[in-house]
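Welcome! Here is a friendly briefing to read alongside the structure. Take a look at the chains first, and then follow the notes below.

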Amino acid sequence: MLDWIAGIGAANIAKVRSFGRATLMLFGAVIAKPQLVKNVPLTIKQIYVVGVQSLLIIVVSGLFIGMVMALQGYTILVGYGAEGSLGPMVALSLLRELGPVVTALLFAGRAGSALTAEIGLMKATEQLSSLEMMAIDPLRRIIAPRLWAGMISMPMLTLIFSAVGILGGHLVGVDWLGVDSGSYWSIMQSTVEWNKDVMNGIIKSLVFAFVIVWIATYKGYDSVPTSEGISKATTQTVVLSSLAVLGLDFVLTALMFGIE
Amino acid sequence: MKSRKAELLVGVFVLLAIAAGLMLALKVANQTMSGKGETYVLKAKFDNIGGLKVRSAVKVGGVTVGRVDSITLSSNDFTPIVSMSIAKKYDKFPETSSVSILTSGLLGEQYIGLQPGFSMDGIKDLADGDFVEDTKSALVLEDLIGQFLFSKK
Amino acid sequence: MENLIEIDNLSFSRSGRTIYDNISMRIPKGKTTAIMGPSGIGKTTMLRLMGGQLLPDSGDIKFKGESIPNMRRTRLFEVRRQMSMLFQSGALFTDMSVFDNIAFPLREHTKLSEDTIATIVKLKLQAVGLRGAAQLMPCELSGGMARRAALARAIALDPELIMYDEPFAGQDPISMGVLVKLIKALNDALQLTSVVVTHDVTEVLTIADYIYILADQKVIGSGTPEEIKNSDSPLVQQFLQGLADGPVPFHYPAGDLQTALLGASC
C-alpha cells in the first residue's frame, strides 16, 4: 500500500520533471541567440517537409468536410425554408471550429508523428550527439527550425483548409442542391466578421501549432533511442497533441466566443 | 538542386495560403465595405431593434448600401440608437427618408431597410451624423402573437 | 612529455550503478592512446566525459590544463572545435550527401568560400579514399565506407584530438585493415592526438603508443604495448588471450545456482 502511494508520487514527480525538461528544451531552442541567417534556409526546408507535404491531405479533407457540411446542413435548413443560410453555416463552422481543429488533428498525425520519429532516429543514430561534439547545438540546429516551420505552416494550412471547405460547400450546396449562388455568398458576407471569425480561427491554429510542434519535438528529443522507444514516443505525440488540441479548443472557444 | 525544388514548392505553398486568405477576406468576410473615407454615418432611434446586430446590412430596395456600425442605448430615454455607415456614393437621401428593421425570410437575418422619401425644395439631403426621424421597429414575434390573440377575443 | 588530457580521480555512476571509481589517466599529446576493456564497462562513456557531454560525479578532466566539467557552455563549444569524435555508427547526417556531410562542419564554423570548401572536402575524401563516392547518400554506403566518410568529416576542421569509438567493431578484415592504416597515417601525418576505444586486441597492439585497460570500474593495467603483453596481471592476460573465465567472471553476479533452482533449502 505504501509502495503504491510512493509509486503515484514518483510518477507525478517524473511528469513534472519531464515538463521542466520540455520547457528547458523550448528555451534552448527559441530564446537563446537565434541565428537568423543560418536558420532561414533550414526553416524553409522544414516548411517544405511539414507544410507542403501536408498540403494534399489538408486540401482533400477540407473539400470533403465542406461538402459533407453542406449536405447535412441543407437537409436540416431546408426544413425551415432557411437554406439561404447554408453559406454562413458552412463558413462559420469551418472558420471558427473545423478549420483550426481538423487541420491541427491532421497535422499532428501527419507532421507531428514524422517529426518525433525523425528526431528520435537522429538521436538513436548518434546524429544529435555528433552535432554536439561538432560544437553545434542540436537545439538550435535541429529543433528550432522545426518549431518555427510548424508555427508558420499551420495557420497557412488552416486558411487553405477553410477556403477549400467553403468552396466544397458551394460545390454541393449551389451546384448540386440548387441553393442560389448569390445568397450563398452574400449572406455569408453579411454574417462572417473578419476579426471575430477569421482572425480568431488563425489565433487558434497558432496556439495549436505551438502545442503540437512542441510536443512532437520534445517527444523525439527525449525519446529512448531504441526502436521500441521511438515507436512509443510517436504514439504519445499523436495521442497527447490530439488531446491537447481538443482541450485547448474548448478553452479558446470559451474565451473567444463564450461571453458576449 | 533538390533544395531549389523545395524552395519553389514552399513559395507555391505560401502563395496558396495568401490566395486562401484573400478569398476569406474578400469573398467570405467582405472586408471592402469597412474601408475608411468611403462612408458616412447616419443614425436612427428605434423602439425595439429585435435581432439586429452590428454589421447587419442596410439595404435600399434590396441593394446593400451600408452596414450597422454600432448599437447603443440612449441614456436619456432608454431607446436604442443604431448608427449605420453608408457608402459615400449613396449620399443623396432626403430628410424625409424612413428606416425600418426587416427580416429576410422567416428565420433569416435581420437588416435595415432604408426607404428614400420624396424630395422637393426646402428639404435637405441627409448628411454625416444626421438622425433619420421616421423609423419603424422590428416586429417581435411575441407582440405579434399577443395582438393576434387579443383581436380574436 | 606534454599531456593533452589529464583525468584525475574520476568517479562516475549512472542510475545508481558505479561505472568508474576513482580513475586517473593521461593522454599524451601527438600519440595514440588506446582504452580497452570488456564490453559494457562504459568505454564510450569515457569519451563522452572527455567531450563534456556527461558530467562526472567527482574528479576532474583537464583539456590543455582547462577543466572540462567546470567550463561554461560557450567555452565548452569553443573547446569542442579542437576535438572531434568518430561515432560507432558513423552518425552521418542521413539527409545530405557524403560531400555535404563533410562540408557541414566547415560551413557551420568557418566563413570559407564554397570553392575553398569544395577543395578541402575533396582532399579529405581523397585521404580516406572515397573521393569517387562524394555524391552518394549515406544509406548507399557500406558500413566500412560510412565509417571512413565519418572519419573524413571528423578531420575536416583539422582538430587536435580525435576520439574513436569502437572504430573496428563489426568490420570485415579488409575494412579493418584500411581503418587501422588510416588511423595510423592520420596520426603520423597530422600530428594528431588519438584516443581509441576498442576491444579488438590485435589491431590496437599495432597502432597504440600507450594502452589503458579498464575493468571492474578501475584501470587494471597500463603501459606500452610491450609492457602490456608482458604483464603478469592475470586480469590483463585473460583479456588479451580472450579466456572465457578468469578474474573477470563468466557469470553476471547472481546467487548460488543450487539455491536458485531448488529454492531455499531448509
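Two chains are in contact when they have heavy atoms within 4.5 Å of each other. By that rule, no contact joins chain B and chain C, and their closest C-alpha atoms lie 10 Å apart. Please keep in mind that this is a predicted model.

**Where chain B meets chain A**

- Chain B brings 25 residues to this contact, and chain A brings 27 residues.
- The size of an interface is often given as the accessible area lost when the parts come together.
- Between chain B and chain A, the buried area is about 2,400 Å², with 79% of it from carbon and sulfur atoms.
- Three residues stand out here: B:Phe13, B:Leu24 and B:Val28 supply 27% of the area that chain B buries against chain A, more than any other three residues.
- Helix H1 (residues 2–28) of chain B gives the most to the side that touches chain A, with 17 residues.
- Sorted by class, the side of chain B that touches chain A holds 16 nonpolar, 3 polar and 6 charged residues.

**Where chain C meets chain A**

- This contact draws 26 residues from chain C and 15 residues from chain A.
- About 1,900 Å² is buried between chain C and chain A, and carbon and sulfur atoms give 53% of that area.
- There are 3 salt bridges between chain C and chain A.
- In one salt bridge, the side chains of C:Glu108 and A:Arg141 meet at 2.3 Å, N to O.
- Chain C and chain A also have 8 residue pairs in polar contact, counting pairs with both residues at pLDDT 80 or more.
- Which elements of chain C give two or more residues to the side that touches chain A? They are helix H2 (73–80), strand E6 (83–86), helix H3 (98–109) and strand E7 (161–165) of chain C.
- The largest share of that side comes from H3(C), with 5 residues.
- The side of chain C that touches chain A divides into 11 nonpolar, 6 polar and 9 charged residues.

**A sheet in chain C**

- Chain C has an open sheet of 4 strands, in the order E2-E1-E4-E5, with antiparallel pairing.
- At its edges are strand E2 (17–28) and strand E5 (66–67) of chain C, each of which pairs on one side only.
- Strand E4 (residues 58–63) of chain C runs antiparallel to E5(C), and 2 bridges join them.
- For C:Lys62, the bridge partner in E5(C) is C:Ser67.
- Helix H1 (residues 43–50) of chain C packs on this sheet and touches strand E1 (3–14), E2 and E4 of chain C. The direction of this helix makes about 120° with that of E1(C).

**Salt bridges overall, and one within chain A**

- Over all chains, the count comes to 16 salt bridges.
- A:Glu118 forms a salt bridge with A:Arg146, and their closest N and O atoms are 2.9 Å apart.
- This pair links distant parts of the chain, 28 residues apart: A:Glu118 belongs to helix H4 (residues 86–124) of chain A, and A:Arg146 to helix H6 (residues 138–176) of chain A.

Technical notes
Residues numbered from 1 in each chain as written. Chains lettered and ligands numbered in written order. Predicted model: local features only at pLDDT ≥ 70, side-chain atom pairs only at ≥ 80, totals over all residues. Heavy atoms only, no water. Buried area = accessible area lost by both parts, 1.4 Å probe. Salt bridge = Lys/Arg side-chain N within 4 Å of Asp/Glu carboxyl O. Polar contact = N/O pair within 3.5 Å; in protein donor to acceptor, adjacent residues only side chain to side chain. Nonpolar A, V, L, I, M, F, W, Y, C, P; charged D, E, K, R; others polar. Pairing = 2+ DSSP bridges. Axes fitted to C-alpha atoms, helices over the stretch in contact; angles between N-to-C directions.
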